[in-house]
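I opened the file and kept notes as I went.

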Amino acid sequence: MNVTTNRSRICFVIFLLLFLLNAFVYLAFPDYTGSLIAVFKPKTNQTLGKLHSFKAVSTPGIFTFYNVCLERLSSPFTTNVHQISFQVTQRIVIYDQTQKRNVNQRIGISGPGGHPWNYYDIQFSNESLPLLNRTLSDQVAYFVSSRCPGNLHHFMEEEYIPLYSVVRLSNMLYPGADNVLLYPTPKTDHNTFCRNFSTYDEIMRTLHTNGFHDVYYNVANNTCFRRAVFGSRKILNDSREVVDHLIRSYNLSGICSDDKAKYLTVVTRTTRRIINIDDLIGWVLDIGFDKDFVRQVRFESLSIREQMIAACTSKVMIGINGAALQWSMLMPVGSHVVEMSWPSRSWGFFYAQLLPLYRLNYHKVELKDIRFNFTSYELRMRNGGKVGVEEREQMKKSPPHELWKWSDAFLHYEELNETLTNIYTEDQCQKKLPNLEKNRTGCIQM
């Protein structure tokens, strides 16, 4: 009986102390309308009956900090980093009473190799988090390296998939998470190095962001994030989980299914073109592919959703290397991708190591008949500026790397016939029995 009474008294005392502590905060800081307890309480959200709570991420190059504030600098300064000039108006301050002293520190974070912005300058304070005139945010802020995605491949591999990894690991990959993405430098479509950054914003929204996608010092002054993750990199046990996430996010599960992937898709481009694409279509049909399911697709002319559908309904994709082949990641497991290139002169094979991670069958074909395209070169390397007749003749004698890079290709039957025939044979085997394998004359049962 006495034990029960003592427990009741202890609970009452604890409650009274908490009440008095909250009353003190209210009187001392009348501008603060929240609860003291809420300052330190992680945000949770009930979605489909599942309780979501933040999980700290701690792995090489990725750090989790608490009480991260953005405070106005008394003396803003202008800096120039990799062709981007900007004025820094705020500093990052992390309040941590376990620190022995106040210290300014540059922390290196995970980002693309050799990237100039893989760091943040932070002031660590050993003071308690000040509450007066502060906006305390329950949103999780992700401070990542500035990316400059000139095309889909760089966006996916350098920005989206690394960020997907840390958002998932921190358990914030759910509708309503309202995640905030912050960068150390401004991103602009007008800078030649950072063009196209807004092109893929709608894909970024699938990470349940709140729409803010900017440099950290554009956040409202004196905003404090209770939880923040610095750095991002690809951390996946299975690369297909990113594919599944994208398909679900775009409500394409009913379209992106194995039984609907019937097309042989030839990727067409405005630069690095296949000159004799009609010959390629003829060879494909002669081998035996169904003409009703052979198509040409110019991905750059489609919306993102349309590009995804074109990719996930393909069972074979053929194209000169470029960003459009990145969409092949959405193809069903066991599909075939043929990447054509001319590594002896310029382009290597970009997808040889990447696509097998998505459990796709990868084939590379080296092309020999490469032809200059000065129009493409002028567009991509001279911003439309013309190359004079004399300069053209000089470039033809000693072609620079960039001229080869934006050239076109004339295909020859012997370069592709064996690869395409083997793909067709395997496709026919799979139609007969799923456990059949191909050889040069037909199918053999496993």
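**Entry 1: the whole chain**

I noted at the start that this is a predicted model. I counted secondary structure and got 11 helices and 19 strands in the protein chain. The chain has 446 residues, and 48% of them count as buried. Residues 24 or more positions apart account for 72% of them. The exposed surface comes to about 22700 Å². Carbon and sulfur atoms supply 51% of that area.

Serine 125 lies in strand 6. Is serine 125 buried or exposed? Its relative accessible area is 3%, so I logged serine 125 as buried, the cut-off being under 20%. I then listed what serine 125 touches, leaving out residues up to four places away in sequence. The list reads Val93, Ile94, Tyr95, Asp96, Gln99 and Asn102.

Glutamate 127 sits in the loop that joins strand 6 (119-125) to strand 7 (135-143). I found a relative accessibility of 46% for glutamate 127, so I put this residue down as partly exposed. Which residues does glutamate 127 contact, leaving aside neighbours within four places in sequence? They are Tyr95, Asp96 and Gln97. Tyr95 and Asp96 are also on the list for serine 125.

**Entry 2: helix 8**

I moved on to helix 8, residues 374-381. Its buried residues are Phe374, Ser376, Tyr377 and Glu378. What do these buried residues pack against? I found helix 9 (389-397) and helix 10 (401-405).

Then I looked at both ends. Asparagine 373 caps the N-terminal end of helix 8. One of its side-chain oxygens is 3.1 Å from the backbone nitrogen of threonine 375. After the helix comes asparagine 383, with a positive phi.

**Entry 3: positive phi values**

Most residues other than glycine have a negative phi. I therefore wrote down two residues that depart from this pattern.

Asparagine 383 is not a glycine, yet its phi is about 55 degrees. Asparagine 383 is in the loop between helix 8 and helix 9. Its relative accessibility is 69%, so I marked asparagine 383 as exposed.

Arginine 359 has a positive phi near 60 degrees. I placed arginine 359 in the loop between strand 14 (336-341) and strand 15 (361-366). At 42% relative accessibility, arginine 359 went into my notes as partly exposed.

**Entry 4: the cavity**

How many cavities of 30 Å³ or more does a search of the whole structure find? I got one. The largest cavity holds about 40 Å³ of space. I listed its lining: Leu181, Asp201, Met204, Arg205, Thr209, Gly211, Phe212 and His213. Helix 4 (201-204) and strand 9 (209-215) are the elements that give two or more residues to this lining. Strand 9 gives the most, with four residues. By class, the lining of the largest cavity has three nonpolar, three polar and two charged residues.

**Entry 5: the second largest pocket**

The elements that give two or more residues to the lining are strand 13 (314-320) and helix 11 (413-432). Helix 11 gives the most, with seven residues. I sorted the lining of this pocket by class as well: 11 nonpolar, six polar and eight charged residues.

Technical notes
Residues are numbered from 1 along each chain as its sequence is written. This is a predicted model: local features need pLDDT of at least 70, side-chain atom pairs count only at pLDDT 80 or more; totals for chains, interfaces and linings use all residues. Side-chain values use heavy atoms; hydrogens and water are left out. Buried means under 20% relative accessible area, exposed over 50%, partly exposed in between (1.4 Å probe, protein chains only). Contact means heavy atoms within 4.5 Å. Accessible areas come from the Shrake-Rupley method with a 1.4 Å probe; for residues, only the protein chains shown count as cover. A polar contact is a pair of N or O atoms within 3.5 Å; within protein, one must be able to donate a hydrogen and the other to accept it, and residues adjacent in sequence count only if both atoms are side-chain atoms. On a 1 Å grid over the protein atoms alone, a cavity is a set of points where a 1.4 Å probe fits but cannot get out, and a pocket is an open set with protein on both sides within 12 Å along at least five of seven lines; lining residues have an atom within 4 Å of a point. Grid points are joined across faces, edges and corners, and a volume is the space filled by probe spheres set on the points. Ala, Val, Leu, Ile, Met, Phe, Trp, Tyr, Cys and Pro count as nonpolar, Asp, Glu, Lys and Arg as charged, and the others, Gly among them, as polar.
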